[in-house]
Amino acid sequence: MEQDACDRCLALSQLTVYLAKIPVLRHGEVEKDDGGEPVVLRPPLVADAAGLAPHPAQLARATVGVSEHRARSFAVELRDWSADAMREAAWKAGLTVLCSCSPSYPAPLHDLADEPPVIYVRGDLALLGRCPDHAISMVGTRHPTVTGRNASRRIAAGIGRTGGVVVSGMALGIDAAAHEGALSVGAPTIAVLASGADLATPGSNRKLYGQILDAGAVVSEMPPGCRPFVWGFPARNRIIAALGTVTVVVEAPIKSGALITVEQAMDLGRDTYAVPGSLASDVSEGTNLMLQEGAGAVIDGAHLAGHLLDRDSAPRPEAPAGGPEAAIHAALTNGPLSSAELGHRTASSLAAAELDDVLLDLELAGWVARRPDGRYRIVDRYRP
Ligand SMILES: [Zn+2]
């Protein structure tokens, strides 16, 4: 199992668990100890905190606005924590551990402004290299109709037969049916969990979890052994949205975690699709509304996958051949950088304006992509 995670990112990963214990009022919002306005708590804030004060108490305070008292208790917990013990726990649980500084970290997660500091993977790590260009995310309600469940299975099977990887959340209902559909045609599938990747969550999907591990991969940003927290589900959805080239919703009522995934996919600039449903069905209200608002319609997984997955299949060289393009490309192989950082790294004699021109050329040629936070990442080496 590959282990490439630095101490700092592992500490942030552990801090995510501590912060998750704060009582959740609504999704993503937590109560302030002093009774003030609720503050929004999402893992992004934890990741963003990397640049703040290194002392855990200050870090926690700056991150979520919690009280001095709670911040001190984080600090006490972190005092007994070690990165090596965390690596060992992951190794014992059969998990690959990759931090966002690692060149092996899944590239599409860098597209998230709030990328997980650490990702834990069980099963076929290479499958993540096919995301997002050859992967399609599928989500939907935990309480589908029989028609919806069958549609999920059939669409996923069509995607699998066409060479696509189905990404979902292994929840009951639409998610489970999507994984089953992919497995039914011998295609690999990726499950993203809100618990640690070593735990079959929910427990009633234990058998499915085993089958996914045999043929695919299970992924989580939570450390091994970690039970799911309430906000962990919407937080997990952003990883599902990032891994797929598009997100398909099969059945979802208006208020639904699946529609949170849709928002996250749209934030990432990924297209969203919905399966048309009966106007009389509550669980098609969300998907029908998506269609009205311009989402693509899906009735056949093979058709969707054939249309989407072919568009990037032209063979590409490994890297630009020379000049400032090659130097910039090489500098980005160790992780995303801003154009100012690139100026320093490449000790470039280019003026800032020229550097921006070269970056634009690289972007237009498909070598690099600009992330929502303005930093650049390379894209070509992750193509299969
Ligand atoms: Zn790191």
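A: We may. In this predicted model, A274 has A297 of strand 13 as its bridge partner. Strand 12, residues 271–274, is joined to strand 13 by two bridges, and the two strands run parallel.

Q: In what order do the strands of the open sheet lie?

A: Strands are numbered from the N terminus, whereas the order follows their places in the sheet. Here the open sheet has 10 strands in the order 1-5-6-10-9-8-7-11-12-13, and the pairing is mixed.

Q: Which strands stand at the edges?

A: Strand 1 (3–4) and strand 13 (296–297) do; each has a single partner strand, so one side of each lacks a neighbour in the sheet.

Q: Which strands does helix 11 touch?

A: Helix 11, residues 285–292, packs on the sheet against strand 11 (246–249), strand 12 and strand 13. The direction of helix 11 makes about 125° with that of strand 12.

Q: How should I read the nonpolar core, and which of its members touch the most others?

A: A core is a set of buried nonpolar residues joined through C-beta atoms within 7 Å. The largest core here has 83 residues, among which I136 and V167 touch the most other members. Helix 7 (residues 174–184) gives this core its largest share, six residues. Domain 1 (3–88) and domain 2 (96–309) each supply at least three residues to this core.

Q: Which residues are in contact with V167?

A: Beyond neighbours within four places in sequence, the contacts of V167 include C131, I136, I190 and L243.

Notes. Residues numbered from 1 in each chain as written. Predicted model: local features only at pLDDT ≥ 70, side-chain atom pairs only at ≥ 80, totals over all residues. Buried ≥ 20, exposed ≤ 12 C-beta atoms within 10 Å, placed from the backbone. Helix = DSSP H or I, 4+ residues; strand = E, 2+ residues; numbered from the N terminus. Domains from an automatic or database assignment. Contact = placed C-beta atoms within 7 Å. Pairing = 2+ DSSP bridges. Axes fitted to C-alpha atoms, helices over the stretch in contact; angles between N-to-C directions.
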